[in-house]
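Please open the model in your viewer and keep the sequence panel beside it.

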Amino acid sequence: MTLLSVDHVDARYGDFQALFDVSLAVREGETLAVIGANGAGKSTLLKTIAGLLSPARGEVMFDGQAVGALPAHRRVAMGISMAPEGRRLFPSLTVDDNLLVGAYSGRRGPWDVAAVCRLFPLIAGLRSRLAARLSGGEQQAVAIGRALMSNPRLLLLDEVSLGLAPVVVQQLYSALPAIAASGTTVLLVEQDVQQALRVADRIQCLLEGRTVLEGTAGNLTHEQIAAAYFGV
């Protein structure tokens, strides 16, 4: 069953067009990785799906319903949640309080504070610490946990590895199979191609706002991916 479809979407920031006729489909239970260099349009795509940016053309469908005109909080209530680039935690709140903010929609499901701490042991002992005093990796774990606290059907992850040490990236990515096993569909945006290939069922590559490659992760060669990624 297709849970999410993006149909021929253009997206703009004023006069600047960031996406050109982009389409994708994500089946329920699948992990799709959208890869591409900085400026390829990956984060714009997630913002359009999450409701932070309205498409200039085309439509976003979630569980068979058109959501392109719905505000972000309505999409959260339907089961779409995002861990944004840059984490965007509330620095004056504790880890626990940041996580609880994510539960405001009241959706039922497997994710609560205890489940998030089991998923990310690196924050289990930091629940009373202010978010401003966390490391980058700890903040990223809290940001993903906050998104899970809404018990989404579709989890959007924007640049999980950005600015983090490789060992921390490995810890965070090790949690993704457990998220998928819980029944959550994952749409991952990432510049780190190797990490994306390791966890994704399918890959879609953007270049300058356009889809230039898509396919099953195991069937795409490194040469194909490199050519699409760099536009050569």
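This is a predicted model: local features need pLDDT of at least 70, side-chain atom pairs count only at pLDDT 80 or more; totals for chains, interfaces and linings use all residues.

The stops go from the whole chain to a sheet, then to the cores and the cysteines.

Residues are numbered from 1 along each chain as its sequence is written, and side-chain values use heavy atoms, with hydrogens and water left out.

**The whole protein.** Show everything as a cartoon, and you will find ten helices and ten strands, where helices (H or I, at least four residues) and strands (E, at least two) are DSSP runs numbered from the N terminus. The C-alpha atoms fill a box of roughly 45 × 35 × 35 Å along the principal axes. Of the 232 residues, 52% are buried, a word that here means under 20% relative accessible area with a 1.4 Å probe, counting protein chains only.

**The sheet.** Next, select the open sheet of six strands, whose order is β6-β7-β8-β3-β9-β10 with mixed pairing; two strands pair if DSSP finds at least two bridges between them. At its edges stand β6 (80-83) and β10 (210-216), and each has a single partner strand, so one side of each is left without a neighbour in the sheet. Now select β3 (residues 31-35) together with β9 (residues 202-207), which run parallel and are joined by four bridges.

**A residue in the sheet.** Which residue of β9 is the bridge partner of I35? The partner is C205, and if you display the surroundings of I35, you will see that it also touches K42, E190, V193 and Y229, among others, not counting residues up to four places away in sequence; a contact means heavy atoms within 4.5 Å.

**The cores.** I35 is also among the residues with the most contacts inside the largest nonpolar core, which has 49 residues. Such a core is a set of buried Ala, Val, Leu, Ile, Met, Phe, Trp, Tyr and Cys residues joined through side-chain atoms within 4.5 Å. Select helix α6 (residues 136-148) to see where the largest share of this core, six residues, comes from. Apart from this core lies another, of 28 residues, which includes A11, L32, V67 and L154.

**The cysteines.** Finally, select C117, which counts as buried at 8% relative accessibility, and then C205, which counts as buried at 0%. A search of the whole structure finds zero disulfides, a disulfide being a pair of cysteine sulfur atoms within 2.5 Å.

Notes:
Buried means under 20% relative accessible area, exposed over 50%, partly exposed in between (1.4 Å probe, protein chains only).
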